[in-house]
Amino acid sequence: MFEQLKPLAADPILGLASAYQLDQNSQKVDLGAGVYKDERGNTPIMAAVAQAQRQWLEQETTKAYSAPAGPEGFNQGMLALLLGEGHDALKTHRATSVQTPGGCGALRIAAGMLNRCREHPRIWVSTPTWANHIPLLGSAGLELVEYPYYDSTLHGIHFDAMMSALAQVAAGDLVLLHGCCHNPSGADLTPDQWQSLAAVFNHRGARPFIDIAYQGLGEGLQADAWGLRYLADSCPELVVAVSCSKNFGLYRERVGAAMVIAETPVLADTCRGQLLNVAREIYSMPPSYGGALVDIVLNNDELAQQWRSELMDVRQRIVNLRTAFVEQLNGAGAGGQFDYIRAEKGMFSFLGIAPEQVK
Ligand code: PLP
């Protein structure tokens, strides 16, 4: 039977990582996947996370199946991190969260739930967007429609074009937005732009779906959640996919969360049940280890404080690297051509150079 299968080309991003491993050049630098590295090229385990690991080792007494939604301390901690402590949606029990295997798991089960909300659901995605959005959302049955986002001649968001495309969204359409540190452009929306988008969504009856995989790596934990919180305040319904891979450095532990804000506590509960049911059809329940570590870090004041400070160092190093990169390019005669990179956020930017120049 296997002869029916066609060999597939390697995933372009993961394929680049393998090519990097094989390359013998001692000067090599991996600019592929969004994985943070320190000055020695190492992706460190954060000290707060290492402490949580020690604690968990003492604490864990069984390897029996864990709760399908992950630990409640994890979910409540993550909701507070994303929405801010005491947010109205939390107080009124309209927000729900379930732990997932990474941000990918969150995107996939949220999309699966959305596919059950109506017939032929459509989701608008930015051009460009993170390549994996397409199969994750598409395989769940959502039809993808593109809206213009990054303009390589402007070196930024073409907001007018984005708005005129999104003026066409239909009632019930979903619009995928990157919460911060847009992947792959690094170009983020301003507060004014978030506000204009919320007005269009509400006017047209469309619903935002936020993918946030880099909270804390752009401007800070609060600032990076500004747009998400604005939409949570101003739109009746919101779907969120969160990743803990980058800001907790827990990439391989596969931990994230799918969240929903609904109009009533009953609807929030229904969404939770649907998310868990979709998960049951795919992987049943998330791995427990990463969720347990995040639960410990977020619910221990000292560890939470330490984690925030480590995350601040990561962010500051990224900002410093951006500045140093631009300055060195200018020193080498770039004449300000790459200055926009300094203002962009997170791990990505477009150099705007041709494939031949990349090589
Ligand atoms: N969303 C975006 C925009 C990402 O860049 C990533 C990872 O690179 C993810 C989601 C998913 O991350 P993970 O599944 O590794 O937690």
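In which strand does Leu176 lie? Leu176 lies in strand β6, which covers residues 174-178, where helices (H or I, at least four residues) and strands (E, at least two) are DSSP runs numbered from the N terminus. This is a predicted model, in which local features need pLDDT of at least 70 and side-chain atom pairs count only at pLDDT 80 or more, while totals for chains, interfaces and linings use all residues. Residues are numbered from 1 along each chain as its sequence is written, and side-chain values use heavy atoms, with hydrogens and water left out.

**Leu176 and its surroundings**

- Leu176 is buried, with a relative accessible area of 1% (buried means under 20% relative accessible area, exposed over 50%, partly exposed in between, with a 1.4 Å probe and protein chains only).
- Leaving aside residues up to four places away in sequence, Leu176 touches Ile123, Trp124, Val125, His133, Leu137, Tyr147, Phe209 and Asp211, a contact being heavy atoms within 4.5 Å.
- Between Leu176 and Arg207 the C-alpha to C-alpha distance is 8.9 Å, although they are 31 residues apart in sequence.

**Nonpolar cores**

- The largest nonpolar core has 76 residues, of which Met78, Met162, Leu177 and Trp307 touch the most other members; such a core is a set of buried Ala, Val, Leu, Ile, Met, Phe, Trp, Tyr and Cys residues joined through side-chain atoms within 4.5 Å.
- Apart from this core lies another, of 28 residues, which includes Ala69, Leu136, Leu137 and Phe209.
- In soluble globular proteins, nonpolar side chains tend to be buried together.

**The ligand site**

- Around the ligand are Gly102, Gly103, Cys104, Trp130, Asn183, Asp211, Ala213, Tyr214, Ser243, Ser245, Lys246 and Arg254, each with a heavy atom within 4 Å of it.
- Helix α5 (residues 102-114) gives the most to this shell, with three residues.
- Oxygen atoms of the ligand take part in polar contacts (pairs of N or O atoms within 3.5 Å): one lies 2.7 Å from a backbone N or O atom of Gly103, and one is 2.8 Å from a polar backbone atom of Cys104.
- For the side chain of Tyr214, an N or O atom is 2.7 Å from an oxygen atom of the ligand.
- The ligand taken alone exposes 390 Å², of which the protein buries 91%, with areas from the Shrake-Rupley method and a 1.4 Å probe.

**Asn183 beside the ligand**

- Asn183, one of the residues that surround the ligand, is found in the loop between β6 and α8 (191-204).
- At 9% relative accessibility, Asn183 counts as buried.

Key: Polar contact = N/O pair within 3.5 Å; in protein donor to acceptor, adjacent residues only side chain to side chain.
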